Amino acid sequence: MTDFASLGLAKPLLSALAAEGYTKPTPIQAQAIPLVMDGKDVLGIAQTGTGKTAAFALPILHRLAANRRPAPRRGCRCLVLSPTRELATQIAESFRAYGAGMGMTVQVVFGGVKYGPQVRALAGGVDVLVATPGRLIDHINEKVANLSETEIFVLDEADQMLDMGFVVPIRRIAKTLPRVRQNLFFSATMPSEIEKLAAELLNPNPSKVSVTPQATTVEKIEQKVLFIETARKRVLLAELFDDPAMKRVLVFTRTKRGADRVAKGLTTIGIEAASIHGDKSQGQRERALAEFKAGKMRALVATDIAARGIDVDGVTHVIQFELPNVPEAYVHRIGRTARAGAGGAAISLVADDERNLLRDIQKVTRQVIPAWDRRNDKVLAQAQAAMASVEPEKPYKDPRAANGRGGQPGRNKKPAALDASGKAQPDRGQRARHRPAGYEPLAMAAAGEAAPKRKKPRNRNRSNSSGGGGGLSAS
Ligand SMILES: Nc1ncnc2c1ncn2[C@@H]1O[C@H](COP(=O)(O)OP(=O)(O)OP(=O)(O)O)[C@@H](O)[C@H]1O
Ligand SMILES: [Mg+2]
């Protein structure tokens, strides 16, 4: 049996791992660590929650320590790019934890916070820089960052980083890196056309480590689908929360406003909940996540900004209030539960107009998800009627309008249409394209980072997805 010591990792790393309570490498760690230590390029694919972070962070720290040199001024020795700020913070925390006692400097750079401290931190150079692309490009443009001496380049959530919303800034950043470098790309999903794009950035003949076929869901997640009318999703959600086993629940919605509405609805029925999405301030985002992690809230309602990489202990359930447009997102969302060998449940509420999304998800994940039909359910109908009489739903009011700021130009969309019960319905035209008003593509979710102009959702015909249409607007 492989253990961390037999992989030849430096002593301080072994002590840090013992302190973390890791006794045995996971399969991706056992396979990728020797290759990375050897200086190889690695494309690593393994299921959610199976320790990909340590699979790259441990051998990177080992290599940096084995060949010590001062970090280049305004630059870094190792650059890690992440799609969201929260994930960047988490990756940096992992580097700090694993590298404790090694004297490595680790810094994060992302949008939504002041430039000054980042500029000062970069000035002297850092060993490991973890960044989201938008803010890093700002620093490059301002000549605050110079990546020309970077030795190791990591893309976590690599398929997301090479998909339309991010590929342009990633290429822009990669151009400023030296040609001779080690590249490490990791994810739980890697659609084949994105893997081709990855080849442009990797050295020839990279080592591919695939623990399971890409987009394999974790076996320990008990997955189910509930078919339900759109208008009854909220009462069904409330019913699900009657189950005391739903202790720490992540609820995914497709839109930012939807996340706010669902969180408010849960709070109204006495369930502690908050929402997290790209329209929240960085402080609000961090607070919501911290409180959820600390167990102060039973539910965190999120857009896809919380779908990838985020590691919260003991998430018991992932509820998809709406299915995602991109099938891979399903794998990442449900992967917020059942991490590091734990169990968990994933329940998806599927309306009739989401059946084709479900079909795509089942195809990509090569499984049939057990489904129950809760449509035309009398109990839910009564609950819906009762709820409407006690709490008639008001049209959603943008809080930013109240404080006179009114949001950003062009973002003040016409109010959502209301159905008979007063419940907001997504705009029809957009619905038809599976892209409701306020839909938050992940690249944009890093708010103030890159915002993709994606004309069509990618899930219909992948071969169209990699070409064109991936323009970015400035933050
Ligand atoms: N060898 C190990 N033994 C025990 N726990 C581990 C080990 N390696 C990692 N972990 C723990 O497993 C959890 C998941 O790790 P990590 O976040 O790196 O997963 P991941 O594969 O990157 O998942 P995702 O695809 O969702 O990003 C973390 O809490 C981490 O501390
Ligand atoms: Mg990860």
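**View 1. Confidence along the predicted chain.** The mean pLDDT (the predictor's confidence in each residue, from 0 to 100) of the protein chain is 87, with 82% of its residues at 70 or more. Residues 402–436 fall below 50, yet this stretch has 51 contacts in the model beyond near neighbours in sequence. Contact means that C-beta atoms, placed from the backbone, lie within 7 Å. This is a predicted model: local features need pLDDT of at least 70, side-chain atom pairs count only at pLDDT 80 or more, and totals for chains, interfaces and linings use all residues. Residues are numbered from 1 along each chain as its sequence is written, while chains are lettered from A and ligands numbered from 1 in the order in which they are written.

**View 2. The seven-stranded sheet.** Seven strands form an open sheet with parallel pairing, in the order β10-β11-β9-β12-β13-β8-β14. Strands (E, at least two residues) and helices (H or I, at least four) are DSSP runs, numbered from the N terminus. Pairing takes at least two DSSP bridges. β10 (273–276) and β14 (371–373) are the edge strands; each has a single partner, so one side of each lacks a neighbour in the sheet.

**View 3. The β12–β13 pair.** β12 (residues 317–320) and β13 (residues 344–350) pair in the parallel sense over four bridges. His317 has Ala345 of β13 as its bridge partner.

**View 4. Helix α10 on the strands.** α10 (residues 233–240) lies across β8 (221–227), β12 and β13. The helix runs at about 160° to β13. Axes are lines fitted to C-alpha atoms, for helices over the stretch in contact; angles run from 0 to 180 degrees between N-to-C directions.

Note on methods
Two residues are in contact if their C-beta atoms, placed from the backbone, lie within 7 Å.
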